[in-house]
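User: I am new to this structure. Could you show me how to read it, one feature at a time?

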Amino acid sequence: MIQTLDQIFVLAKHWLLSYLPAALQPLCSALISVATIILAFALLFAITTWLERKGLGRMQNRYGPNRVGPFGILQPIADGVKSLTKEDIIPITADHAVHFLAPVLLVAASFLGYAVLPIGRNMVLVNLNAGVLYFFAVGSMMELAVFMAGWSSRSKYSLLGAMRAIAQMISYEVPLVLASIVVIMQAGSLSTVSIIDLQATYTGIWPHWFVFTPWGFAGFVLFMVAATAESNRSPFDLPEGESEIIAGYYTEYSGFKFALFFLGEYIGMFATSGMAITLFLGGWSAPFSFLTWIPSYVWFFAKLLAIISVFIWIRGTLPRLRMDQLMNLAWEFMLPMALLNLFTAGLWHFMPSGSLRWLVCSTMVVVPCIFLSRGLKQKEKFQVRTYHYSE
Amino acid sequence: MVGEGILKGMAETARNFFGSYVSKDRLVTLQYPEQRDPQIEAARSFPFLVFDGADWQQGMRCVACQICEKECPPKCIFIEKSKDKKPDANGKLQFYPAVFNIDISVCMSCQICAEVCPFDAIKMDVNHDLSSDDRFGGLLLDKQRLAKSNQYYNSIHPTEAAAVDARRAAEKARQAAKAKAATEAKSDAVAKLAAATPAQPAIGETQ
């Protein structure tokens, strides 16, 4: 019974496919899975926008949306109708084709990553043996879409926003990938399915998630910080800093194209969060061995929602970084930490298991962290600013 | 170490998040259409025309003197004077506005029209939640849409309206006394005339 519930979506797909001729089955199998993933995550996007507005409201002692439906739950539908009925304005000097393609490419690129993301036991679209590599490769396509949007709009704000976004996304892609390499080193595989299989075992009641190791924890934190920057979320939302450059690269977008950018960004955020779950938090596996009776996809989405709420929490807390702080954090703190973390993971692999291994590896994470963050702090020198032209 | 301040800040936002569910005092937002702040008496939005009695056309105080139209800084008032005259509240024959339009998309709520009106005919409304789906016609208020009763005026600006009513009552009493004096003087004169004349017909007859 538990087995059936766990595999209910897989079984349902097989049952549907059994009505089709054998020649059509592979194609239809892929189509059904793709449609399900798109529907599920678009729905999650709708719920997240509502949760985010509610959560941020409560953090600022407001109610948040509470007009459309009970507790404002139908707000995403109202927003969708609004953006669909809005006038679609394209600047007359814009490159129309590229301007149109940018949001489409962004959404397509952000959805591509889900192909290798296991959202439950046996619930992965394709088990690529280079899954993680594929994920980061299609993830970097989002930068192209962002630049297309900024360049084709022919607006200085769009272009500045796009430039900022490119600089930020390329800078943070380095620690993002480096932070995930430790997991690949430990698992010895690029396949997301086998990475999770390795973590879905238990010692006593405790799972073997990579986050419960010094290098795994450091890697997870680095990965999440880099993922926040990758998805242009607060406090790394300089590309759309409205106080400076209006809305960044989507300044010139309106109506449903604007909504598509929104969708693309959130879908991208879910994808990187899903990858963080896959790499460090054991994917669909239960946090305790006695909870394995709960279906695997429930665990995946529970973890995803937990990460999303932390994202919202962070957004409600931190102010936006300055450009130099952003770059310093990436290159002077996160990159050295990620590189050192590789050595820590290597050492962990070769040392015999025991408390000594824990001590050495934890020291290798904590001590550089303290020193590097001190380096970040010492940069803050305040001096009297002189104005040459206002005298 | 990096992150201490972040954790402190996150604790603060978490306290606010959960606090907003526990204590209602934190949520200061007024749920506007259902809940409203008490109306402030000195508030003002756009002008309206006051009328006395039940019939807005009969009781309108405006005599189309066009002072407000001339004084209006953004020139949002348009008045057309009537050809004929109608009796006002004191029974005196007066002109009345054949057309009285205020374009509230132009009006800047300065209250100068109300200040200059010698007839207390134009006053400021307090109704602020206005909307229209007609950008031009919906914002051009005509005579009928501008007309509001004196009772309404009393309900929105009680102190001010009471003073206006007292002044108007005094004026009416003064007018009435004057009229009475005039009629008395007239009847006196008539009586005198009547007293003086009886002999005359006789004279006439004799002639």
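Predicted model: local features only at pLDDT ≥ 70, side-chain atom pairs only at ≥ 80, totals over all residues.

User: How many residues of chain A are in contact with chain B?

Analyst: The size of an interface is often given as the accessible area lost when the parts come together. Here we count residues in contact instead: 15 residues of chain A meet 13 residues of chain B. On the chain A side, α3 (25-59), α13 (296-317) and α15 (355-378) each supply at least two residues. α15(A) gives the most, with four.

User: What classes of residue make up the side of chain A that touches chain B?

Analyst: That side divides into eight nonpolar, five polar and two charged residues.

User: Next, the cores. Which residues touch the most other members of the largest nonpolar core?

Analyst: In soluble globular proteins, nonpolar side chains tend to be buried together. The largest nonpolar core here has 90 residues. Those touching the most other members include A:A145, A:L222, A:F223 and A:F280. Helix α12 (residues 255-280) of chain A gives this core the most, with twelve residues. Apart from that core lies another, of 23 residues, with B:C72 and B:L146 among them.

User: What is A:F280 in contact with, leaving aside neighbours within four places in sequence?

Analyst: Its contacts include A:V183, A:W209, A:G216 and A:F223.

User: Why does the length of helix α7 of chain A agree with what it should span?

Analyst: Take the helix, residues 141-152, at 1.5 Å a residue. Its twelve residues should span 16 Å, and the end C-alpha atoms are 17 Å apart, so the two agree. Just after α7(A), A:R154 takes a positive phi of about 55°.

User: Which residues of α7(A) are buried, and what covers them?

Analyst: The buried ones include A:M142, A:A145, A:M148 and A:S152. Their cover includes α5 (96-112), α6 (131-139), α8 (156-187) and α12 of chain A.

User: How do α8(A) and α14(A) cross?

Analyst: Look at the axes. Those of α8(A) and helix α14 (residues 323-350) of chain A come within 9 Å and cross at roughly 10°. Angles under 35 degrees count as roughly parallel, so α8(A) is roughly parallel to α14(A). Their contact has 18 nonpolar, six polar and no charged residues.

User: Last, B:P97. Is this residue buried or exposed?

Analyst: B:P97 is found in strand β5 (residues 97-103) of chain B. B:P97 has 22 C-beta neighbours inside 10 Å, so this residue counts as buried. Leaving aside neighbours within four places in sequence, its contacts include B:C62, B:I79 and B:K143.

Definitions and conventions:
Residues numbered from 1 in each chain as written. Chains lettered and ligands numbered in written order. Contact = placed C-beta atoms within 7 Å. Nonpolar A, V, L, I, M, F, W, Y, C, P; charged D, E, K, R; others polar. Core = buried A, V, L, I, M, F, W, Y, C linked by C-beta atoms within 7 Å. Buried ≥ 20, exposed ≤ 12 C-beta atoms within 10 Å, placed from the backbone. Expected span 1.5 Å × (residues − 1). Axes fitted to C-alpha atoms, helices over the stretch in contact; angles between N-to-C directions. Parallel < 35°, antiparallel > 145°, perpendicular 65-115°, else oblique.
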